[in-house]
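This briefing covers a single protein chain, topic by topic. Please keep the sequence and the structure in view while reading.

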Amino acid sequence: MATLNKLATACWRSSRGLERRNVCNGLMLTAVRLLHKSAASETFGIAAAGEEAAAEPLIAAAAGGESSTAKSLKEMPGPSTLSNLVEFFWRDGFSRIHEIQMKHKKMFGKIFKSRFGPQLVVSIADRDIVAEVLRAEGVAPQRANMESWKEYRDMRGRSTGLISAENDDWQRMRSVLRQLIMRPRDVAVFSDDVNRVVDDLVKKIELLRCQHSDRNTVFNVNDLFFKYAMEGIATILYECRLGCLEEDIPLDTQEYISALHLMFSSFKTTMYAGAIPKWLRPVFPKPWEEFCLSWDGLFKFSCIHVDKRFKEIKSQLERGEEVKGGLLTHMLIAKEMSVEEIYANVTEMLLAGVDTTSFTLSWASYLLARHPQVQQQIFTEVTRTLGHDRAASADDIPHLPLIRGLVKETLRLFPVLPGNGRITQDDLVVGGYFIPKGVRPMET
């Protein structure tokens, strides 16, 4: 990580003043529009328009004699339960899942099974089969490893959000949110707000560089991008600034940052919480306690800001004023979701958006530092398109193909998550194996 931080500083050293701000604006606006859109087709190998589809289907609904000719799960290779227990619980394997996945692919091939406590997982390490698995799922996906999320919400009386919801609830929430944030033209509405946050990020970078002895280096860019992402996404979700990039961060924002850090740093704790049976929690209480503590902090912060905006809207209506606003205002006025569902959705969207954006920016900086010739080409493209005194807008994105390529290549090489889990909704034949309904294929 120290090497990453040193390399990442190189891409900041080569730019100057407003020119650097334009590069950052262009990159960030493109990231906001592309992170939720472009990675799926490349990462999961789903053929886009004009691309050649797979020569023949590798997965099909199990019907008639097809399931009888396929191999069973018992015949599927994979690590033993004991070796998995040692690897993940004794050797802390949840901290290096990507390495273990690569090792298992070499040992067992493109499809293999594993056990994580009581959970049986079928791992798929072939993009064509992954694409077919995604196409075979129903209208609403059934995600794996969400039991601990649901248990927490049931215990605290919380609603599910778009990430944790399933079936009819998922479809209903998605139909509401897709009108607001899931199309490029809708995301473009937030470009001015994002630009203001980017301006503050550039100012923060300049300040941090001046504080270092060589007046150039910025350490811990991961934390800086984390705070930027939180500020930018919260500006969209909460319609207010949190002060994450200020010299003196407000106390409630500091507490929320700590809760987010706890959630992200305890990703493996989440895995432990789902893998450890409930009857063992009195023996190993820490994973579940930390998991609940982090969610408590996230929901508390969201409730404060949603309630604050709700009171502002109520006061405006009582005074007979026209109510204007963004995403949160629309959700509160339209009443297409309950207040509890709004709490859950803004909490889960912020959780999902912060690490997606900050990790991608860190790796994009790393790639630029490793390839200075590409960095110079992007700098030339941005200054040619924007000049030296204009901030980027959504309309500029089609004219910045190199930045689009940078974002997509970063997501391809360094995806945020090591896998994408689903639970089969029907009996399927996957790559010659019969996968019964209710098994967890994990795309790796």
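In this predicted model, M337 is in contact with R172, M173, V176, L177, M331, I342 and N345, leaving aside neighbours within four places in sequence. M337 is found in the loop between α16 and α17, the latter spanning residues 339-370. The relative accessible area of M337 is 7%, and because values under 20% count as buried, M337 is a buried residue.

**M337, M173 and S159**

- M337 and M173 are 164 residues apart in sequence, yet their C-alpha atoms are 7.4 Å apart in space.
- M173 is also among the residues in contact with S159.
- S159 is found in another loop, the one between α8 (147-156) and α9 (167-181).
- The relative accessibility of S159 is 15%, so S159 counts as buried.
- Besides M173, the contacts of S159 are R153, F299, E340, E341 and A344, with neighbours within four places in sequence left aside.

**Packing of α15 and α16**

- Helix α15 covers residues 286-318 and helix α16 covers residues 327-334; the two pack with their axes 10 Å apart.
- The angle between α15 and α16 is about 65°, which means that α15 is roughly perpendicular to α16.
- The crossing of these two helices, α15 and α16, is right-handed.
- From α15, the residues that take part are H305, V306, R309, F310 and I313; they meet L328, T329, L332 and I333 of α16.
- By class, the residues in the contact of α15 with α16 are six nonpolar, two polar and one charged.

**Packing of α18 and α19**

- The axes of α18 and α19 come within 8 Å and cross at roughly 135°.
- Given this angle, α18 is therefore oblique to α19.
- On the α18 side the contact is made by Q377, I378, E381 and V382, and on the α19 side by P401, L402, I403 and L406.
- The contact of α18 with α19 comprises six nonpolar residues, one polar residue and one charged residue.

**D396, in the loop between α18 and α19**

- D396 is found in the loop that runs from α18 (372-386) to α19 (401-413).
- Is D396 buried or exposed? Its relative accessibility is 7%, so D396 counts as buried.
- The side chain of D396 makes a polar contact with the side chain of R390, at 2.9 Å.
- A polar atom of the D396 side chain also lies 2.9 Å from the backbone nitrogen of S393.
- Not counting residues up to four places away in sequence, D396 touches T385, L386, R390 and A391.

**Helix α7 and its N-terminal cap**

- Helix α7 spans residues 127-136.
- D126 caps the N-terminal end of α7. A side-chain oxygen of D126 lies 3.1 Å from the backbone nitrogen of D128.
- Within α7, I129, V130, A131, E132, V133 and L134 are buried.

- N220 is not a glycine, but has a positive phi of about 55°.
- N220 is found in the loop between α11 (191-211) and α12 (221-237).
- The relative accessible area of N220 is 41%, so N220 is partly exposed.
- E239 likewise has a positive phi, near 60°, in a residue other than glycine.
- E239 is found in the loop between α12 and α13, the latter covering residues 251-265.
- With a relative accessible area of 25%, E239 is partly exposed.

**The chain as a whole**

- The secondary structure of the chain comes to 19 helices and seven strands.
- The chain has 444 residues, of which buried residues make up 47%.
- Of the contacts in the chain with a separation of 6 or more, 71% are accounted for by residues 24 or more positions apart.

Terms used:
Residues numbered from 1 in each chain as written. Predicted model: local features only at pLDDT ≥ 70, side-chain atom pairs only at ≥ 80, totals over all residues. Heavy atoms only, no water. Axes fitted to C-alpha atoms, helices over the stretch in contact; angles between N-to-C directions. Helix = DSSP H or I, 4+ residues; strand = E, 2+ residues; numbered from the N terminus. Parallel < 35°, antiparallel > 145°, perpendicular 65-115°, else oblique. Left-handed = near helix turned anticlockwise from the far one by under 90°. Contact = heavy atoms within 4.5 Å. Nonpolar A, V, L, I, M, F, W, Y, C, P; charged D, E, K, R; others polar. Buried < 20%, exposed > 50% of the residue type's maximum accessible area, 1.4 Å probe, protein only. Polar contact = N/O pair within 3.5 Å; in protein donor to acceptor, adjacent residues only side chain to side chain.
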